[in-house]
Amino acid sequence: MVPFPRTGTVQITFDRAELMRILDLYGRMVAAGQWRDYAITFDREAAHFSAYKRTAERPTARIEKRPALRARQGMWALYGEAGQVLKRGHDLAGVLSPLERKLLKLVAD
């Protein structure tokens with residue numbers, strides 16, 4: 001019996017808690033009418049969650065998990081529509097805060 005050969009490539013993925021946090025934000029942004037579609041990409045270097053206002057356009061926001069940068073700038077990054085880095089950090093909640101601020105509304109004075 002010969003074991004099945006493995007290529008040794010490891011994909012970077014979101015764990016359950018991270019994905020639930022991201023999808024919770026996605027659901028609230030859909031309810032607010034700001035996002036309509038999303039895409040998830042898993043590579044050897046990074047995992048990406050891209051949110052779209054319209055399907056045929058560039059992503060409105062892209063959340064990236066890159067563990068190789070864990071010791072430096074932080075493994076989480078938030079990119080804008082033009083590809084600029086909006087926020088980078090060590091925890092997901094801090095990186096998602098600019099997107100969550102868009103959901104805040106003044107109810108009454």
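Visitor: How many helices and strands does the protein chain have?

Guide: This is a predicted model. Its protein chain has 2 helices and 5 strands. From the N terminus on, the elements run α-β-β-β-β-β-α.

Visitor: What makes α1 roughly parallel to α2?

Guide: The angle decides. Helix α1 (residues 16-31) and helix α2 (residues 92-101) pack at about 5 degrees. Angles under 35 degrees count as roughly parallel. Therefore α1 is called roughly parallel to α2. The axes of the two helices are 12 Å apart.

Visitor: Which residues make the contact?

Guide: From α1 come E18, R21, I22, L25, R28 and M29. From α2 come L92, A93, L96, L99 and E100.

Visitor: Why is S50 called buried?

Guide: S50 has a relative accessible area of 8%. Buried means under 20%. So S50 counts as buried.

Visitor: Where does S50 lie, and what is in contact with it?

Guide: S50 lies in strand β2, residues 47-52. Leaving aside neighbours within four places in sequence, S50 is in contact with D37, Y38, A39, P59, A61 and R62.

Visitor: Why does L19 count as partly exposed?

Guide: L19 has 25% relative accessibility. The buried class is under 20%, the exposed class over 50%, and partly exposed lies in between. So L19 is partly exposed.

Visitor: Where is L19, and which residues does it contact?

Guide: L19 lies in helix α1. Neighbours within four places in sequence aside, L19 is in contact with F14 and I40.

Visitor: What radius of gyration does the protein chain have, and what would a compact globule have?

Guide: The protein chain has 16 Å. A compact globule of 109 residues would have a value near 13 Å. Along its principal axes, the C-alpha trace spans about 75 × 30 × 25 Å.

Visitor: What share of the residues counts as buried?

Guide: Of the 109 residues of the protein chain, 30% count as buried. The accessible surface comes to about 7,600 Å², and 53% of that belongs to carbon and sulfur atoms.

Visitor: What share of the contacts with a separation of 6 or more joins residues 24 or more positions apart?

Guide: Such residues account for 32% of those contacts in the protein chain.

Conventions:
Residues are numbered from 1 along each chain as its sequence is written. This is a predicted model: local features need pLDDT of at least 70, side-chain atom pairs count only at pLDDT 80 or more; totals for chains, interfaces and linings use all residues. Side-chain values use heavy atoms; hydrogens and water are left out. Helices (H or I, at least four residues) and strands (E, at least two) are DSSP runs, numbered from the N terminus. Buried means under 20% relative accessible area, exposed over 50%, partly exposed in between (1.4 Å probe, protein chains only). Contact means heavy atoms within 4.5 Å. Axes are lines fitted to C-alpha atoms, for helices over the stretch in contact, and angles run from 0 to 180 degrees between N-to-C directions. Angles under 35 degrees count as roughly parallel, over 145 as roughly antiparallel, 65 to 115 as roughly perpendicular and the rest as oblique. The radius of gyration is taken over C-alpha atoms; the globule rule is 2.2 Å times the number of residues to the power 0.38. Accessible areas come from the Shrake-Rupley method with a 1.4 Å probe; for residues, only the protein chains shown count as cover.
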